[in-house]
Number of protein chains: 2
Amino acid sequence: MRLRGFEYFRIVVEAGSLGRAARCLGVSPSTLSRAIDNLEDELGVTLLERNKRGVRLTCSGRVIFSKIRDLIDIFHDIKMAGQSLGSAARGIINI
Amino acid sequence: MRLRGFEYFRIVVEAGSLGRAARCLGVSPSTLSRAIDNLEDELGVTLLERNKRGVRLTCSGRVIFSKIRDLIDIFHDIKMAGQSLGSAARGIINI
DNA sequence: ACAGCTTACGTCAAACGTAATAATT
DNA sequence: AATTATTACGTTTGACGTAAGCTGT
């Protein structure tokens, strides 16, 4: 289970369609379709309603989406802490 | 970047050595060695001091470890919410 | 010798893009 | 026609175990 799949899911929800999200992310729509299928399989929940005009969160999807945002926020926090600590270890301090 | 790598890191820290963690997890020590190498590369921080009697968190590692525990907690929360919502959608309610 | 971590090598699963398909506006 | 999501196919990336190596107790 890759972190990237969660980030894909977030962008898809915010973009409202796989195509728009794919253009934002620079990947192909099929990548996002499969990534979200995998997420739904692994969590055992249908996250999105697929219409012909895009996608929309299901009720369950709304609950999960909120948690996934928290997950991604912490992940970005970890990466930034890594950058900060990594450069600090080499003597560079940004104020 | 896989979620599993974060979980590996956590167990390694708690076990105190790659070998013990490998036995706990049912994987080989090389898997854990590489997983932690990847984590350190991707975050740009040295997380563990490798001794001949095991491993120990570096100062930076301690900071990151605390955040990674939060990440894993949310991840497990998401999985449990998935189970709960998934079975609820099929009409099964556990009280 | 034993316990520890690491690395080279081969294998297998999984992620991806391309391209084709189907449905809707 | 244009835009939507999905799926089959082949390629490539990457995660893993085995086995060998090196170090310190």
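This is a predicted model: local features need pLDDT of at least 70, side-chain atom pairs count only at pLDDT 80 or more; totals for chains, interfaces and linings use all residues.

Visitor: Which residues come nearest to DNA strand C?

Guide: Of the 23 residues around DNA strand C, the nearest are A:Thr31, A:Lys52, B:Leu18, B:Ser30 and B:Ser33. At least two residues of this surface come from each of α3 of chain A and α2, α3 and β2 (54-57) of chain B. Helices (H or I, at least four residues) and strands (E, at least two) are DSSP runs, numbered from the N terminus.

Visitor: What makes up the surface near DNA strand C by class?

Guide: It has five nonpolar, nine polar and nine charged residues. Here Ala, Val, Leu, Ile, Met, Phe, Trp, Tyr, Cys and Pro count as nonpolar, Asp, Glu, Lys and Arg as charged, and the others, Gly among them, as polar.

Visitor: Which residues come nearest to DNA strand D?

Guide: There are 22 residues around DNA strand D, and A:Leu18, A:Gly19, A:Ser30, A:Ser33 and B:Thr31 come nearest. The surface near DNA strand D divides into five nonpolar, nine polar and eight charged residues.

Visitor: Why does A:Val55 count as buried?

Guide: A residue is buried if 20 or more other C-beta atoms lie within 10 Å of its own, exposed if 12 or fewer, and partly exposed in between, with C-beta atoms placed from the backbone. A:Val55 has 21 C-beta neighbours inside 10 Å, and therefore counts as buried. A:Val55 lies in strand β2 of chain A.

Visitor: What is A:Val55 in contact with, leaving aside its neighbours within four places in sequence?

Guide: Two residues are in contact if their C-beta atoms, placed from the backbone, lie within 7 Å. On that basis A:Val55 is in contact with A:Val12, A:Gly16, A:Ser17, A:Leu18, A:Leu48, A:Glu49 and A:Arg50. A:Ser17 is 38 residues from A:Val55 in sequence, yet their C-alpha atoms are 5.3 Å apart.

Visitor: How do you know that the buried residues of α2(A) line one face of the helix?

Guide: The buried residues of α2(A) are A:Leu18, A:Ala21 and A:Ala22. Seen down the axis of α2(A), they fall within an arc of 105°, so they line one face; the arc is that of the directions from the helix axis to the C-beta atoms. An α-helix has 3.6 residues a turn, so residues three or four places apart point the same way. The face of α2(A) turned away from its buried side carries the exposed residues A:Arg23 and A:Cys24. The buried residues of α2(A) pack against α1, α3 and β2 of chain A.

Visitor: Why is it said that the buried residues of α3(B) line one face?

Guide: The buried residues of α3(B) are B:Leu32, B:Ala35, B:Ile36, B:Leu39, B:Glu40 and B:Leu43. Their arc, seen down the axis of α3(B), is within 135°, so they line one face of the helix. The exposed residues B:Ser30 and B:Asp41 are carried on the face turned away from that buried side.

Terms used: Residues are numbered from 1 along each chain as its sequence is written. Chains are lettered from A and ligands numbered from 1 in the order in which they are written. A residue is near a molecule or strand if its C-beta atom, placed from the backbone, lies within 6 Å of it.
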